[in-house]
Amino acid sequence: MSAATPSPAQPPGGSLPVATPAQTRRAAWRLILADRRAFAGLLALNALAAGAGLAAPWLLGRIIDEVKAGAGASAVDRLALAILVCALAQLLLSRYAGLVGHRFGERALARVRERFAERALALPSSVVERAGTGDLITRGTTDVAAIGATLRDAGPDVAIAAVRVLLGLAAVFVLDPLLGACGLTGLVGIWFASRWYLRRAVTAYLDEGAANSALAEELAATTGGARTVAALRLERRRIESCRRAIEECRRTRLGTLALRSVLFPVVDVSYVLPVAAVLLLGGALMTGEPGAVTLGTVVTAALYLRQLTGPLDTILQQLEYLQSSTASFARVEGPAVPPGTPAPQGAPADDRIEVRGARYAYDGGPDVLHGVDLRIHPGERLAIVGPSGAGKTTLGRLLAGVDAPRTGSVTVGGVPVAGLDPARLRERVVLVTQEHHVFLGTVRDNLRIAAPAATDADLRAALTTVGADWIDDLPDGLDTDLGHGAHRPDGARSQQLALARVVLADPHTLILDEATALLDPRTARHTERALAAVLEGRTVIAIAHRLQTAHDADRVAVMRDGRVTELGTHEELAAAGGAYAELWRSWHGAR
C-alpha cells in the first residue's frame, strides 16, 4: 500500500537535502537538552578528573622546592602519597566519566536513529525516487554509524580533553601569569592551523559523503539491474560509470587527506614550542631578580604544558573524525520536508476531485501533461486508458498528491491534494502501483500495518476479498514468517497482500495504477470485481491497459500525449468511433 503524501520542491540536483550548520547545531543542542542531567554530570566528572590530574605536577613542584629548601624524607613521602591519591582519584573519575559519557552517547544515538527513521518515512516518495535509494541507505547506515561512534567514544573523549586543556592553561596562569602568557603564545600555531583546517573540512567531508552515496547508488543500480545490463550488453557502460564514481570517491578522499597532511605537522611542532619557551623564560627569570620564580614553579608550569600534549592530541586526532561525523550529522538531519512544500490546508468540503489546467514536467524537462481538465465525482469508478507514455501514471500521481502540478490545480473538496496534511490525505486517497513490498515479519504483521486494531477475522476477510485463498496453505497461516530466510511469496501473492492492506485501510478514494498487473487475467479480474464490490460508494480510479476494467467503469478517460482526448462511458466512446473504439476493437478481437 502506498499512501499519498505531499510533494515538496525537489532539492537541486535530485539529491536529498543536507542540514545547514545552524540546523545541525540546533539538532545537537536538542540532543543535549533531551538528556541534560547526564550531560551536566559528564562535564562535572570531567572537571573533577582534570582537577585531580593537575594536582600531581603541582605537588611535584612542591617536592622540588621542599628538597631545595632542605626538607626531610618525611615531607617528600607525604607529598608523594598525595600524588598517588590524586592519580587514583583521576583514574576513577575518568573511568566513571567515560561510563556516563558512553551511556549518554547510546541514548543520543537512539534518538538520532528514531528521528532519522521518522523523517525518512515522512519524505514524499517523489523526492526519494529522484534522489535514489543509495543516498538514503548510505545516510541511514554509514552516516548514522559515524554519528554513533562519535557520541559513544569521540564525543566524550573530546569533552574530557577540552576540560583538561582549559584547566591546564588556567593552572599555568595561576602559577605565574608571565609563564602562562609565554606558554599560550607557543600554542598559537595550533589555533591558526585548526582554524585553517576547520574552514575547509566540513565542505570536504560533505563532498566525500556525497561521492560515497553516488557510488552506492551506481553499484545498487548495476547489481539490481544485472539481468537488464546483460541482456542489453551494457556491461562496459556500467563498468565505466562505476569507475567514474570510484574515481570521484578517490578524489574527495585525497582532498581530506591533503587537509590532514597540513594540520598534523604544524601541530607536532606546536607541542614542543610552549614547553621550550617556558623553560627558557623560567631559566632567565631564575637567574635574574631573586625570588621572581622558583625552580618548582618552572618545572610545574613545564609539566602542565607538557600534559596538554595528551588532551590536545586527543582533540586534534578526533578533529578529523568530528568533522566527518559533523558532515554525517548534517546529512542525517537533512531528510526533512524540503523547502517549497505547500502549507497544510484545511478540511475538504466534500470528496469531489477536480483537475484544472494541470501541467507537469519531471526535473525541469518538457511537460508530460498539457493542461489536463478532469472532474471525478464521489463514488465514481473512472478508468484511465491510453498507450504507454500517454501520461496516465503521472496523472495518477497528481491525483494521489504524490506530485504537485507545475501549473493548474488538483483539488479534493476544493483543497489542493498536495497541500493536505499527510494523515488527513491517507484517510482519503491511497495509491496502489505495480510496486509492492513484503515486510519482515508474519502475514499478520504485514496486514496490520494498514489497520493495527484489525482482528484475525478482519485480516482473513481482507485476504478473501482480494482472492488470496492461499493463506490456508501456509504452514502457520497468519503466523507464517515472510521475507529472507522464511516464506517468500511470489510477485502475485505479494501484490495481493498489498491489495489486502488497501482493503483494511478503507480509504475514500483508491487509485489503482496497474495494481493487478502481476496477476493472471482471471485472478486479476476477480480481484478487481471484488475490490469494486467492497469499495461500493467510494471513488475508484483505475489506470490499466486491460480494457475490461474500462468496460466495467462508470466513465472512461482516454489519454494521448499528456492530454485527455476522450471522456465518457464505455458505450458512448465505443460508438463514437474514436481512439477508444479502435483500442476496444483491437483488444476485444485479440481475446
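How many aromatic pairs does a search of the whole structure find? The search finds 2 aromatic pairs, where rings of Phe, Tyr and Trp (its six-membered ring) pair if their centres lie within 6.5 Å, with planes under 30 degrees apart counted as stacked, over 60 as edge-to-face and the rest as tilted.

A word on the model first. This is a predicted model, in which local features need pLDDT of at least 70 and side-chain atom pairs count only at pLDDT 80 or more, while totals for chains, interfaces and linings use all residues. Residues are numbered from 1 along each chain as its sequence is written, and side-chain values use heavy atoms, leaving out hydrogens and water.

Here are the two pairs.

| Pair | Centre to centre | Angle between planes | Class |
|---|---|---|---|
| Phe39 and Phe104 | 5.7 Å | 45 degrees | tilted |
| Tyr360 and Tyr362 | 4.9 Å | 85 degrees | edge-to-face |

Because Phe39 lies in helix 2 (residues 36–68) and Phe104 in helix 3 (residues 73–122), their pair ties together parts that are 65 residues apart in sequence. Helices (H or I, at least four residues) and strands (E, at least two) are DSSP runs, numbered from the N terminus. For accessibility, buried means under 20% relative accessible area, exposed over 50%, and partly exposed in between (1.4 Å probe, protein chains only). Phe39 is partly exposed at 23%, whereas Phe104 is buried at 8%. In the tyrosine pair, Tyr360 is buried at 6% and Tyr362 is partly exposed at 31%.

Ile353 stands opposite Ile376 in strand 3. The hairpin has 5 residues between the strands, and Asp363 takes a positive phi near 50 degrees there.

Now to the nonpolar cores, sets of buried Ala, Val, Leu, Ile, Met, Phe, Trp, Tyr and Cys residues joined through side-chain atoms within 4.5 Å. The largest has 35 residues, and Leu305, Leu308 and Leu312 have the most contacts inside it. Helices 5, 7, 9, 10 and 11 each supply at least two of its residues. A second, separate core of 29 residues includes Ala358, Ile376, Ala400 and Val410.

Finally, confidence: pLDDT, the predictor's confidence in each residue from 0 to 100, averages 79 over the protein, and 86% of the residues score at least 70. Over residues 1–13 the pLDDT is below 50. Where pLDDT is low, the predicted coordinates should not be read in detail.

Note on methods. Contact means heavy atoms within 4.5 Å. Two strands pair if DSSP finds at least two bridges between them.
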